[in-house]
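I opened my notebook today to look up a few things in this structure. Here are my entries, in the order I made them.

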Amino acid sequence: MRETGAIAGASVAHADATVDEIEAAGGDGVRATVSDLLAREGVEEAFAVQTCNRSEAYVVTDRTVDGNTALSTFAPDVRGGAVRRLDHEESLEHLMRVASGLESLVLGEDQIIGQLREAYEESKSAGGIGPVLKDAVTKALHVGERARTETSINEGVVSLGSAAVRLAAGEIDLTDGSAVVVGAGEMGTLAARALDDTPVSDIVVANRTVPHAEFVAEEVDTPAEAVPLADLPAVIPDADLVVTATGSPDLVVHPSYVDGAGRVVCIDIAQPRDVDPAAGAREGVTVYDIDDLEDVTQRTRESRAAEAREVESIIDAELDRILEAYKRKRADDAISAMYAGADRVKARELDRAMSKLEAQGDLTEEQRETVADLADALVGQLLAAPTRSLRDAAGEDDWETIRTALQLFDPDFTPTAGDAVESDAPDAGVGSPDAVPDSVAEELDD
């Protein structure tokens with residue numbers, strides 16, 4: 001029987017890390033990260049999430065030391081102060097906060113819900129999702145939905161795309177200006193919509209797949225056209241503002257693309273970067289990245305402080321529920337092992353006793369039942385106190401007692417020839433807390 005494992009997590013996010021550090025922690029993507037973690041000793045489950053402002057990994061192991069060791073290889077090139085280490089309870093709470101938008105650069109933003117779902121499916125495809133992480137991520141998504149339906153945390157929320165446009169509006173006059181949006185995904189679409197509410201005269205949407213760019217161009221009322229990425233060297237010099245949000249692993253805007261440009265502001269909200277930072281060295285060109293959006297998003301955070309407190313109350317209640325369920329499961333695992341082990345001994349000894357009694361004369365069915373009831377009663381009475389102690393231990397987070405019980409009462413243990421009991425007796429197959437005798441169960445429930 002495998003013990004219900006505990007979660008360990010590691011987070012590299014915008015609150016403590018730079019864009020470059022988040023990119024470095026991302027490695028080769030979610031699936032590659034999950035596959036690598038699953039190959040580590042003791043790792044039973046793994047989950048990773050990577051967005052423009054966070055790279056995180058979670059593992060489930062039976063021993064805390066195995067979880068910490070496995071995650072020691074996550075973000076190896078990132079300075080220690082940028083990596084936040086999370087234990088089981090902290091991981092559960094953090095995932096809920098992430099799903100609720102409390103940990104986002106833009107407080108309450110909605111995109112994180114879809115990003116978490118996508119990360120879950122990718123991790124599942126890589127074989128990383130088991131019962132513990134399924135419960136954890138499912139609960140986080142549930143809390144995220146509650147936060148948005150029961151509070152106003154996302155009312156009028158700005159996305160990274162709209163925050164980028166706000167930043168630009170504070171730097172240059174967008175009246176009759178020209179804007180280029182690079183990327184036709186969710187962030188690019190949100191940026192285009194935000195630009196549609198400004199006085200720019202035209203928008204160019206550039207994307208590797210032109211039909212996707214055409215779709216975004218049709219979403220706005222401002223005159224807009226779609227072009228391939230290959231046209232960027234031609235359209236960027238005429239632009240006043242460039243917002244980039246692709247999913248490309250490589251740089252998309254090179255310094256040569258701004259040659260001949262006048263005053264142009266480039267705001268890169270992609271992860272990894274789209275714009276080569278060297279472009280900012282050209283005269284008249286200013287390059288901003290996600291780190292530069294902090295001032296814009298801070299105003300949103302301050303205005304939603306009351307809503308954030310409501311969301312935190314939801315998280316506190318949901319965290320208590322999932323922790324209680326987890327503790328019960330941990331105790332139940334140990335109790336199951338204890339009863340399964342005891343029942344194997346009972347079955348052996350009962351079989352031996354019946355054989356001896358049969359040798360002394362035929363037994364009636366009632367006599368057989370009486371002997372079997374006696375054996376059941378003995379097991380139930382002997383294990384009643386340990387059962388209560390194990391449940392108390394779980395409630396007090398005394399995992400060492402739980403672990404010891406699992407080792408002592410391992411139902412898969414096979415005695416050797418020198419042990420006190422025989423090893424060839426049949427297995428009675430009692431392996432769950434449901435096997436606790438009714439009389440004992442009633443006593444424990446009192």
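**Entry 1: an annotated site**

I began with the UniProt record, where an unreviewed entry gives "binding site" for Thr51, Cys52, Asn53, Arg54, Ser104, Glu109, Asp110, Gln111 and Gln115. From this set, Thr51, Cys52, Asn53, Ser104, Glu109, Gln111 and Gln115 belong to the lining of the largest cavity. I kept in mind that what I have open is a predicted model.

Cys52 sits in the loop between β2 and β3 (54–61). Is Cys52 buried or exposed? I found a relative accessibility of 12%, so Cys52 counts as buried, the cut-off for buried being under 20%. Leaving out residues up to four places away in sequence, Cys52 touches Ile22, Leu160, Ile269, Gln271 and Ile290.

Ser104 is in the loop between α4 (88–100) and α5. Ser104 counts as buried because its relative accessible area is 3%. With residues up to four places away in sequence left out, I noted contacts from Ser104 to His14, Arg54, Glu109, Ile112 and Arg301. Arg54 and Glu109, two of these partners, are also in the UniProt list.

**Entry 2: the cavity**

How many cavities of 30 Å³ or more does the structure hold? I found one. The largest cavity has a volume of about 60 Å³.

I wrote down its lining: Thr51, Cys52, Asn53, Ser104, Leu105, Val106, Glu109, Gln111, Gln115, Leu160 and Met187. By class, that lining has five nonpolar, five polar and one charged residues.

**Entry 3: a second annotated stretch**

I went back to UniProt, where the unreviewed entry also has "binding site" on Gly183, Ala184, Gly185, Glu186, Met187 and Gly188. Met187 from this set is part of the lining of the largest cavity.

Ala184 is placed in the loop between β5 (178–182) and α8 (186–196). At a relative accessible area of 16%, Ala184 is buried. Not counting residues up to four places away in sequence, Ala184 touches Thr189, Asn207, His212, Ala213 and Val216.

Glu186 lies in helix α8. Glu186 has a relative accessible area of 47%, so I put it down as partly exposed.

**Entry 4: the largest pocket**

Which residues lie nearest its centre? They are Gln50, Thr51, Thr246, Gly247 and Gln271, out of 38 lining residues.

α1 (19–26), β2 (43–51), α5 (111–125) and α8 each supply at least two residues of the pocket lining. α5 gives the most, with six residues. I sorted the lining by class and got 14 nonpolar, 17 polar and seven charged residues.

Most residues other than glycine have a negative phi, and most peptide bonds are trans.

The peptide bond from Gln271 to Pro272 is cis, with omega near 5 degrees. Pro272 is in the loop between β9 (264–268) and β10 (285–288). Gln271 is also among the residues nearest the centre of the largest pocket.

Ala75 has a positive phi, near 55 degrees, and is found in the loop between α3 (64–71) and β4 (84–86). With 7% relative accessibility, Ala75 counts as buried. Asp176 also has a positive phi, of about 60 degrees, and its place is in the loop between α7 (160–171) and β5. Asp176 counts as exposed because its relative accessibility is 61%.

**Entry 5: the whole protein**

The protein has 15 helices and ten strands. Of its 446 residues, 51% count as buried. I took contacts between residues at least 6 apart in sequence and found that 72% of them join residues at least 24 apart. The protein exposes about 20600 Å², with carbon and sulfur atoms supplying 47% of that area.

How values were computed
Residues are numbered from 1 along each chain as its sequence is written. This is a predicted model: local features need pLDDT of at least 70, side-chain atom pairs count only at pLDDT 80 or more; totals for chains, interfaces and linings use all residues. Side-chain values use heavy atoms; hydrogens and water are left out. Helices (H or I, at least four residues) and strands (E, at least two) are DSSP runs, numbered from the N terminus. Buried means under 20% relative accessible area, exposed over 50%, partly exposed in between (1.4 Å probe, protein chains only). Contact means heavy atoms within 4.5 Å. Accessible areas come from the Shrake-Rupley method with a 1.4 Å probe; for residues, only the protein chains shown count as cover. UniProt positions are given in the numbering used here, feature names are shortened, and annotations may be inferred rather than shown by experiment. On a 1 Å grid over the protein atoms alone, a cavity is a set of points where a 1.4 Å probe fits but cannot get out, and a pocket is an open set with protein on both sides within 12 Å along at least five of seven lines; lining residues have an atom within 4 Å of a point. Ala, Val, Leu, Ile, Met, Phe, Trp, Tyr, Cys and Pro count as nonpolar, Asp, Glu, Lys and Arg as charged, and the others, Gly among them, as polar. Grid points are joined across faces, edges and corners, and a volume is the space filled by probe spheres set on the points.
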